[in-house]
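Welcome! Take a moment to look over the picture below, and then let us walk through where its chains meet.

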Amino acid sequence: MKKTKKSNSSMKKVGVYIFLIMMVLVFIGPMVFTLLSSLKGNVEIFDNPFGLPKEFLISNYITAWKEANMGTYFLNSILISGATVGILVFVSTMAAYVLARFKFRLNKFLGIFFLLGMMIPMHTILVPVAYIIGAFNLKNNIFALILLYVAFSLPFSIFVLTSFMKGINASLEEAAIIDGAGYFQIYSKVMLPLTVPAISTVSIFNFLGAWNNVLFPLLFINDNKLKPISLGLLNFNGERGSEYGPLMAAIIITVCVPFIIYLLFQEKVESGLAAGAIKG
Amino acid sequence: MKKIIALFLILAMGLSITACGSKDTTEKDTSNGSNNDKVEIRLLTRSAGPSMSAQIFRDILKEFEDKHPDVVIIDESQGDESSFNNKLKTDMASGTLPNIFRIQGVSNLGEYIKNGMIMDMAPIYEEDKEWSEGLTEGAVNYYKVPGFDGAYGVPAESGLIGVFYNQKIFDEAGIDKFPETWTELKDAIAKLKDINKIPLALGAKSTYMAGHLHNNILYKWLGADAPKKLGDRSMKWTDEEVVETLSYVKELYDLGAFPEGVAGLSDDIVITQFLKGEAAMIITGPWNINKFTSEEETEYYNDIKIAKFPYFEEKPEFKDHDMQSINPLMVNGKLEGKEKEYTIELLKMLTSADAAKRYAEEAQSIFPRNNIDLDEGALSQLFQDVVELSGTSTGIAVDVFDFDPLASMQDRTRNSIVGMFVGNTPQQAAEEIQAEVDKSN
């Protein structure tokens, strides 16, 4: 009887491992392909996609850095994504604090109002946004771009942060009130430090969102000095074919920053996600 | 207390926004200051990316800017099709159309012409004969939109979409000459399969490839005027003769003419198959000549030849009705004064005989001009053959959907043709396409 149970559980384990290995292949495959392709020429990429390069073309990385104007675009992307996250955290934590802790007539309505924002597909509002950007002469305005990112990321951020803050034990705030703390002190000295895992989650998601976004800068930024790196990658795409080697090299360079940031905040992101999910 | 906190929070937020905003405004003012008196010319074409022809395009823009210090050129061209479409649609809808742009199709231009968005080029042609007379008549006429007087696009790139084939593989398969007729094509396919070669490299994931194959078949079966009849609805996609054109595509598929897994392959993959000698034929345009004649790209650089798509024995009258590519440049119809003057000057520079000579000699790209003085030594034999063959067409059409007023027909026709590679019948494909037309009525 015991043996049967044991063999059943090992069978299950084998099944789980096979599934996990397959998932690893699915997720790692494209990364390996990108890395290998970044060192090959066009013909070799399609002839032997997963094989090692016959000749390691380091020159792809040099071409990528020069042709995608990566020096400038890289800094622009860091500025845009960093500022987006900064403003977003500032605004969304305050909104979340009010929604999670204050009881007033419009509380639920505001919560739903923000939630509705998550349901608007970006493409449906492109034309009015483009019209507003044109009417107010905001083309090539980095701050307008940052505000767009902030606006589109607010609903998700407020949703996650509100859920998280609702789960924080109220007795901590009561203790702070007894000690004479005002609302802003409670917000900044009690709620914010306790919300760090959720803030990390929101920051990472929104940093990646702003870093990878192509559509808004494509439509609203045409000054080469202001373009982000996502637009730089388009430099390798032509109507009649693309240079995939340098493109893949550029992708590897582009991915480095989000990858490092993710590694740095990985633990907090995961705990933030889990907390938000359970306590929401 | 609550009100004070709320006020404080609002103030803090406002201050932060103002602080960030003021920095940006300063930057903007500075940049505007230097460009205040300059004329801005924006371009949105597909000439972007690493190709030599895109490089020549950028060089001409730079030359123009050097010649006119009071002009700033903003080239927003996008090689990537979806980026291009997103940008063009948004610019059109929000009223910020560039000075020079490109729209695919002919009949769907009507709406834009009505709104004054596209400039009539006929007076410009008339005004500057030296520039306009060198342009090929057929290509210029292609942009005479049904129902409107005038010409609404300047043709900037053209050439036969023919069959490039590997002579060495044909010899190996025992095929003496390139098949001229449909029956000969089917024989050749069988012989090529016998020596384990892919007869026709086609990657239907890049749906235009399936579209180009069907275009060729349709023009050889119904003539190059058929797209106009489909566009003005005097012919239906479900008409027997149109369904037949789809069934010929299906017939090639059933014969095993395409690579395995054709529906999932992209153009890059099948071009590589052709360059490596795994495939014997590919239907494409002159833009790939550079690759086909490059010693670095293929060991068959001396063996690749061009031919027209085989005709049907029953329809010899359409033997020389061919698919050609014609890429236009359009001008914003709302321009005035100095901006209009400079934009037209730039357009002429981009489509001049000098530009055409450069495109031909440096990028092996064909321009629809008959007054180019080419240095034959600088041109590959394959390029010269393509030019010669392009000149023998008695009927020319680009894409089947070009004369359809429905913009969605590009995707609909191509997707339905590809649908036949995953199980649909020609009749089903035709019904799907016709349903799109009927839906709009």
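The two chains touch through 42 residues from chain B and 33 residues from chain A. Please keep in mind that this is a predicted model. The predictor gives the complex an ipTM of 0.76 and a pTM of 0.81.

How much area do chain B and chain A bury between them? The figure is about 3,500 Å², with 63% of it on carbon and sulfur atoms. Which parts of chain B supply the side that touches chain A? Helix H1 (2-35), helix H3 (81-93) and helix H13 (267-275) of chain B each bring at least two residues to it. The largest share comes from H1(B), with twelve residues.

What about specific links across the interface? No salt bridges are found between chain B and chain A, while three residue pairs are in polar contact, both partners at pLDDT 80 or more.

Now for the confidence in chain B. Its mean pLDDT is 88, and 92% of its residues reach 70 or more. Two stretches stand apart, as the table shows.

| Stretch of chain B | pLDDT | Contacts beyond four places in sequence |
|---|---|---|
| residues 1-5 | under 50 | five contacts |
| residues 7-33 | under 50 | 16 contacts |

Where pLDDT is low, predicted coordinates should not be read in detail. When you look at H1 (2-35) of chain B, remember that pLDDT stays under 50 over residues 7-33 of that chain. H1(B) is also the helix that gives twelve residues to the side touching chain A.

Notes: Residues are numbered from 1 along each chain as its sequence is written. Chains are lettered from A and ligands numbered from 1 in the order in which they are written. This is a predicted model: local features need pLDDT of at least 70, side-chain atom pairs count only at pLDDT 80 or more; totals for chains, interfaces and linings use all residues. Side-chain values use heavy atoms; hydrogens and water are left out. Contact means heavy atoms within 4.5 Å. Buried area is the accessible area (1.4 Å probe) that two parts lose on being put together, summed over both. A salt bridge is a side-chain nitrogen of Lys or Arg within 4 Å of a carboxyl oxygen of Asp or Glu. A polar contact is a pair of N or O atoms within 3.5 Å; within protein, one must be able to donate a hydrogen and the other to accept it, and residues adjacent in sequence count only if both atoms are side-chain atoms. Helices (H or I, at least four residues) and strands (E, at least two) are DSSP runs, numbered from the N terminus. pLDDT is the predictor's confidence in each residue, from 0 to 100.
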